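This note is intended for a colleague meeting the structure for the first time. The points below may be read alongside the sequence and the coordinates.

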Amino acid sequence: MGRLIVEQITSVDGYAADAEGGIGFFIDASAVNAADEEQLRMLGTVGAIVLGARTYRMFADYWPDADPAREPVAEPIARLPKYVVSSTLAEAPWGPDQSATLLRGDGVAAVRALRGQVDGDLIVWGSLTLADALLQAGEVDVLRLRIVPVLIGSGRSFAPPELGERPLALRSARQFEGGLVVLEYATQA
């Protein structure tokens with residue numbers, strides 16, 4: 001059974017979405033893409049991608065047609081199996097010839113079961129509601145924060161306020177061109 005990795009792109013002040021729920025603060029792809037080589041290294045351990053319904057919609061609108069020459073992570077995103085935790089979606093198409101697998105019911109239970117079925121790590125990108133539930137349940141092994149160099153002042157934190165204090169152990173901290181910083185933490189029991 002691999003690790004469960006949750007990765008969030010956040011502002012310096014810790015927001016994963018602005019006050020309206022948008023992600024425009026990190027649309028400047030040059031800062032986020034500066035760490036592509038490091039991202040590809042991390043994806044080498046990943047056996048599947050898990051998304052919540054809202055993040056799935058954003059990913060499915062962009063990644064199936066992304067050019068791997070411009071977006072190096074497009075190839076592993078296309079290749080890896082994708083799972084969507086949703087009680088509302090009827091289907092989860094991924095481009096013209098692929099679909100993501102829908103996971104129904106309790107998201108934490110679905111991800112727990114998936115961990116026993118997938119070789120390699122699972123990565124949850126964004127998917128704040130799902131990530132909240134996984135953090136609260138103590139299921140997250142690695143928390144990765146890709147911090148873009150911007151302050152937005154208000155919005156949705158990457159962690160739920162009711163989480164309380166959770167100790168983390170810093171595994172790595174890397175700075176990239178454009179001011180992007182990637183922090184990787186191991187959660188502690």
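1. In this predicted model, the hairpin formed by S9 and S10 has 5 residues between its strands, and glycine 178 there takes a positive phi near 85 degrees. The two strands pair in the antiparallel sense over 7 bridges. One of the pairings joins arginine 174 to valine 182, its bridge partner in S10.

2. Strand S10 also pairs with S7. Here strand S7 (residues 142-148) and strand S10 (residues 181-187) run in the antiparallel sense, with 6 bridges between them. Alanine 186 in S10 is the bridge partner of valine 142.

3. These strands belong to an open sheet of 8 strands with mixed pairing, whose order is S5-S4-S3-S6-S1-S7-S10-S9. Strand S5 (101-103) and strand S9 (168-175) stand at the edges and have a single partner strand each, so one side of each is left without a neighbour in the sheet. From one strand to the next, the twist averages 25 degrees. As a general point, side chains in a regular strand alternate between the two faces of the sheet.

4. Helix H3 (residues 53-62) lies across strand S3 (46-52), strand S4 (82-85) and strand S6 (121-125), and runs at about 110 degrees to S3. Helix H6 (residues 128-136) lies across strand S1 (4-11) as well as S3, S4 and S6, with an angle of about 125 degrees to S1.

5. How do H5 and H6 pack, and at what angle? Helix H5 (residues 107-115) packs with H6 at an angle of about 75 degrees, and their axes are 9 Å apart. That angle makes H5 roughly perpendicular to H6. In the contact, Gly107, Val108 and Val111 of H5 meet Leu130, Ala133 and Leu134 of H6. Sorted by class, this contact has 5 nonpolar residues, 1 polar residue and no charged residues.

Methods: Residues are numbered from 1 along each chain as its sequence is written. This is a predicted model: local features need pLDDT of at least 70, side-chain atom pairs count only at pLDDT 80 or more; totals for chains, interfaces and linings use all residues. Side-chain values use heavy atoms; hydrogens and water are left out. Two strands pair if DSSP finds at least two bridges between them. Helices (H or I, at least four residues) and strands (E, at least two) are DSSP runs, numbered from the N terminus. Axes are lines fitted to C-alpha atoms, for helices over the stretch in contact, and angles run from 0 to 180 degrees between N-to-C directions. Contact means heavy atoms within 4.5 Å. Angles under 35 degrees count as roughly parallel, over 145 as roughly antiparallel, 65 to 115 as roughly perpendicular and the rest as oblique. Ala, Val, Leu, Ile, Met, Phe, Trp, Tyr, Cys and Pro count as nonpolar, Asp, Glu, Lys and Arg as charged, and the others, Gly among them, as polar.
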